[in-house]
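Trainee: I'd like to learn how to read a few features of a model. Can we go through some together?

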Amino acid sequence: MAPKAKEKPKPSAAVAPAIAIEDLFTALNRHIQRSEFDQAVKVADQVLSVAPNDDDAIRCKIVSLIKNDNIDGALGAIQEFSRKIDHDFSFLKAYCLYRQNKLDEALESLRGQDGSSASMLLESQILYRLGKFDDSVNIYQKLLKSRIDSLEINVVASLVSAGRASEVQGTIDLLRVKATSSFELAYNTACSLIERKKYVDAEQLLLSGRRVGQETLMDENLADDEVEIELAPISVQLAYVRQVLGNTQEAMESYTDIIKKNMDDELSLAVAVNNLIALKGAKDVSDGLRKLDRLLEKGDGTQKFQLARGLDLKLSQKQKEAVYLNRMLLLLHSNKIDQARELVAALPGLFPQSVMPVLLQAAVHVRENKAGKAEEILGQFADKFPEKSKIVLLARAQIAATAGHPQVAADSLAKIADIQHLPATVATVVSLKERAGDVDGAEAVFDSAIQWWSNAMTEENKLDIIMQEAATFKLKHGKKEEAARLYEDLVKSRGSMEALVGLIQTAAYTDVEKAEAYEKQLKPLPGLKAVDVDGLEKTSGAKATDSGPSVAVSEAYEAKTKEKTKKKRKRKPKYPKGFDPANPGPPPDPERWLPKRERSSYRPKRKDKRAAQIRGSQGAVVKETAANANAKPNQTGNSKGNSQNSSTEQSKPSSKSSKKKSRR
């Protein structure tokens, strides 16, 4: 029996798919190079279906998900693969948490890293977003020796945010780069100049940066709209610089133009809206509220007020606070007290490290005529946070002084140590205490200030001003001896003539001999030698002496007046033609120029009382009344005849009637 032929051996499972994996990796690389991250994720899944623990495929999938802005999917993949394989995904997890603005968790995920450049760079960015700018600068300074692209841009931004703008130029020189090497670096350097109040230099650098940015971005074949979006931060900052320089109309037009274009740069749009509202102030409040409401979105749960998602991630804490505070001020200007009260209650939770929420709470109480409540909450905040109490106490003093609570205002100012002994503060506190009736307290303020300036080693010492005002105050309130002592100290130390006069006036009440002794130090006034002082004291009033400048002046004036009177000559009166002044005749009627009705000889005409009286009801008309009223005077003579005719006419019917009766 012939032996069976051997079967052809089948290829092993490890060899057959090897070619397919290589092809998949080639396709995966091609998709990543083309930024086709959706396809890259699908190909990575195909690779993982064949080789579930392939390290490169896992990293490519997670990075592609991040590049595709699918942060939740990337975190899910990290959590899934962390259970399957023993690999450190802490850096990728930290970056995903950073993208989700979970900064504390991101920083915690970076703990225990090997200190690579990538992890240090991410840590510095997280610290920058958390507002820990000094810590961020420290890490960047450690990375200066590393060759990281565009590191100088982040370094300058951190220095400006940390309040160390004066170090920017030195850092740029150390890195051996020019401020105009890129438009991003020009923008950040211009921000440092703005912080140092060099607005003209900042304007020039921003213009240069915009020109560099246009050339760079056009070389990259970007569309005009995309170029405008990339350079929007420079346009907004340039408008702000012009606003500060006083070109408000130009700045307003720039802000309005940026808002109308409604660009995709949400950060620049929000800054333009906020700055435009601040520039307008209380004008067009309703329009400002509408613009700010577009930057907000409805919150859920306890966080009822929040910015749009993109702005919440991009705006710094300081910028967020400015947006909320401007909205709060607009609500107060529009008298929407209920909405203002609701917003101001949420501000302390949003900005716990800021003093502005408590100041706005006080402003709401003042608007509601609750000054006492405003003083109370400001006082509680000042006691709780003494390091932030200066501006709060100043606001409390202002509110109390306006509300008629001078003692509360004085106590608030007295708690601010660094301005306690300044002349303006001393004058204000003394005035408030004096208004409150606390004269002893006002005097104690002067005494404390005098003691402080006596021991102060400063170039501009205000001791003489304080002592002069203190002496005047004590003299006003009847403390003449203490006032005299202060005046005497001023005379001995400063040689003040004003203090010498005050000393003489004050000592005249208590020590006449001292007053006379110091009176000899007064310089004689010019022009008083010819005045007899003793004679003036004996007379009831001032009497002019025979000699002296005043007498000479009066005599000269009288001589001039006499000369003027002599120069006047009398002119002959002019008479009418044909008038003889020797025989003037009867005098003319003095009333000849008056109307007749205003003359004394005028007599008005008498009214005709013979008109027939109208009797009867209202509106009744008597016949022949008008004819009788208009009858002429020459007809009065015929009245008798008329009466006789009428009587004869009346007698005729009576005779006829009598004849008829007789016939019957």
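Mentor: Lys197, at 62% relative accessibility, counts as exposed. Bear in mind that this is a predicted model, where local features need pLDDT of at least 70 and side-chain atom pairs count only at pLDDT 80 or more, while totals for chains, interfaces and linings use all residues. Residues are numbered from 1 along each chain as its sequence is written, and side-chain values use heavy atoms, with hydrogens and water left out.

Trainee: Where does Lys197 lie?

Mentor: In the loop between helix H11 (183–195) and helix H12 (199–219). Helices here are DSSP runs (H or I, at least four residues), numbered from the N terminus. Lys197 has a positive phi of about 65° although it is not a glycine. Asn101 also isn't a glycine, and its phi is positive, at about 65°. You'll find Asn101 in the loop between helix H5 (90–99) and helix H6 (103–109), and it is partly exposed, at 24% relative accessible area.

Trainee: How many disulfides does a search of the whole structure find?

Mentor: A disulfide is a covalent bond between the sulfur atoms of two cysteines. The cut-off used is a pair of cysteine sulfur atoms within 2.5 Å. The search of the whole structure finds zero. As for individual cysteines, Cys60 is partly exposed, with 22% relative accessible area, whereas Cys96 is buried at 0%.

Trainee: At what angle do the axes of H21 and H23 cross?

Mentor: Axes are lines fitted to C-alpha atoms, for helices over the stretch in contact, and angles run from 0 to 180 degrees between N-to-C directions. For H21 (residues 356–367) and H23 (residues 389–402), the axes come within 11 Å and cross at roughly 10°. That makes H21 roughly parallel to H23, a label for angles under 35 degrees.

Trainee: Which residues of H21 and H23 meet?

Mentor: Contact means heavy atoms within 4.5 Å. On the H21 side you have Val358, Leu359, Ala362 and Val366, which meet Ile391, Val392, Ala395 and Ile399 in H23. An α-helix has 3.6 residues a turn, so residues three or four places apart point the same way.

Trainee: Which residues does Ile139 contact, leaving aside its neighbours within four places in sequence?

Mentor: Met120, Glu123, Ser124 and Leu127. Ile139 sits in helix H8 (residues 133–142) and is buried, at 10% relative accessible area. Ile139 and Ser124 are 15 residues apart in sequence, yet 6.0 Å apart in space, C-alpha to C-alpha.

Terms used
Buried < 20%, exposed > 50% of the residue type's maximum accessible area, 1.4 Å probe, protein only. Helix = DSSP H or I, 4+ residues; strand = E, 2+ residues; numbered from the N terminus. Parallel < 35°, antiparallel > 145°, perpendicular 65-115°, else oblique.
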